[in-house]
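This report describes a protein model for a reader who is new to structural analysis. Please keep the sequence and the structure in view while reading.

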Amino acid sequence: MRFSKFLACAASGVAVAGAFTVCTTDSASAKRAQFSDEPWGVIYRNTSGNPNAVLRVGPWGRTSPTDIAATQQPPFGIGSLGLIVGGDTDHIQFGNETDFAGTRLADINTLRYWIFTGVDVDVFPSINRPNLSLEIDPNRPETGDYSSLVYLPNSSTAPSAPSTPFPNIWQQYDASAAGSQWYLTQPGTLTTCTQANPCSFAELKALLPDAVITYSVAINKGSNDGPFHGAVDGLQINNFTYDFEPQGVRTIFTPVASAPSPARSTSTRKSKSSGAWESKPAATATSSGAAVRLSARVRARVSAGPADSE
Ligand SMILES: [Ca+2]
Ligand SMILES: [Ca+2]
């Protein structure tokens with residue numbers, strides 16, 4: 001049946017755009033609307049070597065090493081951002097270069113994401129998990145106009161990191177919580193919040209009261225950081241969670257008080273009228289349909305507060 005549908009599409013005129021087939025019929029337009037148009041993807045200028053990032057189904061985790069079947073679903077939806085990084089010569093970033101430009105660091109209160117590290121138990125301690133990277137203008141006299149802020153999941157401690165990190169299971173990291181470890185890649189003459197002397201997110205915000213996000217917010221797996229085979233999901237920035245799914249990135253309104261549990265916390269449904277994706281948040285989250293439908297750019301402003309006036 002899929003073949004016959006393809007022929008029908010081809011007969012009406014087809015243009016190939018990347019991985020998606022774009023048809024000129026109205027029905028094809030409706031089908032295309034199933035894919036998210038949120039501006040997330042691999043940031044090529046911060047990527048090198050032979051790493052791989054793919055929006056995929058699963059992976060499913062095992063809450064006990066003796067579980068034969070992997071049944072722990074991704075924290076949001078049915079899928080996640082899969083990352084395959086071979087070793088020190090690979091670097092990859094997957095993020096958003098559009099919606100957060102101009103957002104003040106001071107206006108970000110919540111930064112969380114989930115990690116799944118697929119590896120044998122004995123190797124797990126040697127694996128550096130993907131970090132969170134914000135490209136900013138520090139707006140400090142001691143620095144230049146550019147730095148990245150990097151959250152370190154491995155060296156962070158509870159409640160920022162799980163009390164006991166495990167492989168092959170979804171676990172949440174709160175990069176904005178106590179116990180978080182951050183550094184500036186280009187600290188200038190600053191002596192705190194450096195790679196040699198990392199600091200908490202609260203200390204980072206106090207150090208950089210006028211910092212503004214510039215080029216991107218990204219999941220990052222750096223060069224000279226060893227291998228990683230696993231996945232990331234549910235990046236939460238203030239009251240919005242970016243849900244990595246096989247067909248794109250969905251934005252879900254998630255009030256900060258309602259952090260999801262490892263069990264499936266949302267479901268996906270398609271609008272009967274438009275065919276577009278809609279989220280059906282967990283019962284613990286109160287969701288506004290209007291908020292879900294806001295453009296990503298507006299959402300960033302709404303969630304972060306007033307835009308920088310400079
Ligand atoms: Ca997901
Ligand atoms: Ca500046």
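Strands (E, at least two residues) and helices (H or I, at least four residues) are DSSP runs, numbered from the N terminus. A residue is buried if 20 or more other C-beta atoms lie within 10 Å of its own, exposed if 12 or fewer, and partly exposed in between, with C-beta atoms placed from the backbone. In a regular strand the side chains alternate between the two faces of the sheet.

The model is predicted: local features need pLDDT of at least 70 and side-chain atom pairs count only at pLDDT 80 or more, whereas totals for chains, interfaces and linings use all residues. Residues are numbered from 1 along each chain as its sequence is written, and chains are lettered from A and ligands numbered from 1 in the order in which they are written.

## Partners of S7

Strand S7 pairs with other strands, where pairing requires that DSSP finds at least two bridges between them. S7 and strand S13 (residues 228-237) run antiparallel and are joined by six bridges; Trp-114 has Asp-233 as its bridge partner in S13. Strand S10 (residues 170-174) is also antiparallel to S7, with five bridges between them, and in S10 the bridge partner of Ile-115 is Gln-171.

Asp-99 lies in the loop between strand S6 (92-96) and strand S7 (111-117). Asp-99 counts as buried because 26 other C-beta atoms lie within 10 Å.

Asn-109 is found in the loop between S6 and S7, and is partly exposed because 15 other C-beta atoms lie within 10 Å. Beyond residues up to four places away in sequence, Asn-109 touches Ser-176 and Asn-238; such a contact means that the C-beta atoms, placed from the backbone, lie within 7 Å.

## The nonpolar core and the whole protein

A nonpolar core is a set of buried Ala, Val, Leu, Ile, Met, Phe, Trp, Tyr and Cys residues joined through C-beta atoms within 7 Å. The largest one has 52 residues, of which Leu-81, Leu-83 and Val-232 touch the most other members. Outside four places in sequence, the contacts of Leu-83 include Ala-53, Phe-228 and Val-232.

The protein has five helices and 17 strands, and 40% of its 310 residues are buried.

Notes. Two residues are in contact if their C-beta atoms, placed from the backbone, lie within 7 Å.
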